[in-house]
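These are notes for a colleague who has not looked at this entry before. The points below go from the contact between the chains to features within each chain.

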Amino acid sequence: MDYGRPDRADRLAAEYVLGTLRGPARRRFVALLPGHPALRDAVRQWQDRLAPLAASIEPVTPPAALWPRIEARLFGTEPAAAPLAWWRRLALWQGATGLTALAAAMLLALVLQQPAVQPPIVIVLGVNPDVPQTVQARFVASLGADGRSLVLEPIDPPPLEATQSLELWAVPPAGAPRSLGIVRADAATTLLRAQLLSDTAALAVSIEPAGGSPSGAPTGPIVSLGKLAL
Amino acid sequence: MQASASTPARPDTDPSSALEQLIGRVALGQRAAFSALYEATSAQLFGVVLRINPDRAQAEDVLQEIYVNVWRAAGGYDAARAQPMTWLTSIARHGAIDSLRRGRARGQGMTVSLTAQGDGDDDPAERLVSDAPGPLELLQQAAGARAVTRCVGELSAEQKQCIALAYYQGLSHAEIAQQLVQPLGTVKSWLRRALLALKDCLTAAAARAPGREG
């Protein structure tokens with residue numbers, strides 16, 4: 001179609017604005033708009049001409065639930081590229097896993113009320129609802145009462161390739177996760193670290209390149225999560 | 001972005017000017033401005049969408065899509081070249097028409113009634129729209145101001161029907177032909193002549209009364 005002829009361009013612009021330009025012709029027209037200032041001018045003029053017609057349409061207040069939907073769509077989720085997005089979602093995730101929430105509440109009580117003599121603290125690391133089912137995994141972490149030793153046992157380990165390792169992370173309430181080290185998928189791993197529980201809100205296991213994350217921050221999928229405190 | 005330099009005489013209370021400023025602030029990523037813009041314009045745009053796509057759930061999805069587009073496209077809005085409501089209404093109408101095409105492609109029927117009360121028959125499809133004014137009535141009401149009055153008045157009855165069905169209900173050429181029980185070529189010809197007549201008439205009116213109309 002020859003869009004260069006002014007009368008044809010104007011007719012197409014009119015039909016586009018009125019709404020009768022449909023199908024492939026409409027899609028072609030829309031695709032051409034960015035590169036054709038004359039077409040855009042014609043469209044704008046037709047929009048001005050027909051704009052008064054909209055004035056007689058009675059306003060209809062949309063349902064109150066619509067605005068939150070728009071906000072959630074635009075602002076509600078962290079950008080997918082943000083490397084820390086997953087642990088910011090912990091609060092939401094926590095609400096969906098009642099059993100773990102209960103365990104975390106009990107754990108919090110233990111941590112707060114029995115600082116002197118504590119039995120080992122058990123944390124269940126559940127599946128991460130944000131990753132595909134095929135890589136979901138479960139672990140149990142046992143923390144020594146002194147806060148320095150941690151034993152991580154796989155319950156449902158994720159499938160790993162030879163070039164992959166599992167890495168355990170301590171997730172603070174705010175800020176970047178810190179690595180607690182490489183853990184095994186096929187057997188229990190014992191870690192000895194000072195201040196394991198200090199400033200730790202959750203534990204997480206990610207799949208990393210063999211030897212661990214090259215960047216010091218999780219780079220692979222977070223396959224398992226367990227929240228430590230509310 | 002702001003048109004204030006070109007429109008110094010407008011006070012900030014002017015609705016158009018206020019909307020222009022809101023859109024400018026939305027372009028800067030200010031969510032409070034976006035919320036205020038939604039408050040100020042969503043009912044009007046929802047009315048536009050519902051006219052074209054009366055399916056309530058689909059219309060809500062379309063409105064959501066419209067404001068997502070507004071948020072992303074606000075940086076491209078040029079207040080010197082388009083009235084804010086014209087810009088917003090255009091986004092709304094295109095979104096609604098696109099949704100209609102998808103809906104009908106899935107085999108959903110269309111609801112059409114030229115006048116509010118239809119023909120008095122018991123067609124349930126017509127009762128759906130019986131409370132609201134028909135597209136022809138809307139056209140007459142829209143023509144209640146300024147140059148559009150005379151220009152719409154100069155159209156033939158057939159041309160008015162075609163413009164009203166296309167603009168308010170988003171009907172295609174084929175759907176208008178079906179509705180009016182006329183050959184497709186006839187309807188296309190009516191519409192083409194109607195648009196040309198409107199253009200000539202409105203251009204002449206604008207030449208006599210320079211200045212941007214709302």
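Which side chain of chain A meets the side chain of B:R81 in a salt bridge? The first point takes this up.

1. The side chains of B:R81 and A:D41 meet in a salt bridge, 3.6 Å from N to O. A salt bridge here is a side-chain nitrogen of Lys or Arg within 4 Å of a carboxyl oxygen of Asp or Glu. B:R81 lies in the loop between α3 (56-73) and α4 of chain B and A:D41 in helix α3 (residues 37-50) of chain A, so the pair joins two chains. Helices (H or I, at least four residues) and strands (E, at least two) are DSSP runs, numbered from the N terminus. B:R81 is partly exposed at 42% relative accessible area, and A:D41 is partly exposed at 29%; buried means under 20%, exposed over 50%, and partly exposed in between (1.4 Å probe, protein chains only). A:D41, A:R44 and B:R81 are linked in a network of salt bridges.

2. On the basis of the values: this is a predicted model, in which local features need pLDDT of at least 70 and side-chain atom pairs count only at pLDDT 80 or more, while totals for chains, interfaces and linings use all residues. Residues are numbered from 1 along each chain as its sequence is written, chains are lettered from A and ligands numbered from 1 in the order in which they are written, and side-chain values use heavy atoms, with hydrogens and water left out.

3. A second salt bridge brings together the side chains of A:R26 and B:D98, at 3.2 Å from N to O. A:R26 belongs to helix α2 (residues 23-32) of chain A and B:D98 to helix α4 (residues 84-105) of chain B, so this pair also joins two chains. A:R26 is buried, at 4% relative accessibility, whereas B:D98 is partly exposed, at 24%.

4. The interface of chain A and chain B has six salt bridges, and the count over all chains comes to 10. The contact (heavy atoms within 4.5 Å) takes 40 residues from chain A and 56 residues from chain B. About 4500 Å² is buried between the chains, of which carbon and sulfur atoms give 62%; this is the accessible area (1.4 Å probe) that two parts lose on being put together, summed over both. α1 (6-18), α2, α3 and α4 (66-76) of chain A each supply at least two residues of the side that touches chain B. Of that side, α4(A) gives the most, with eight residues.

5. Within chain A, the side chains of A:D186 and A:R184 meet in a salt bridge at 3.1 Å, N to O. A:D186 is exposed, at 61%, and A:R184 is partly exposed, at 47%.

6. Chain A also has an open sheet of eight strands in the order β5-β4-β7-β8-β1-β2-β3-β6, with antiparallel pairing. Its edge strands, β5 (178-183) and β6 (189-192), each pair on one side only. Two strands pair if DSSP finds at least two bridges between them; β7 (residues 202-209) and β8 (residues 222-227) of chain A pair over five bridges. A:L203 stands opposite A:G226 in β8(A).

7. In chain B, helix α9 (residues 173-180) has buried residues B:H173, B:E175, B:I176, B:A177 and B:L180. The helix is followed by B:V181, whose phi is positive, near 50°.
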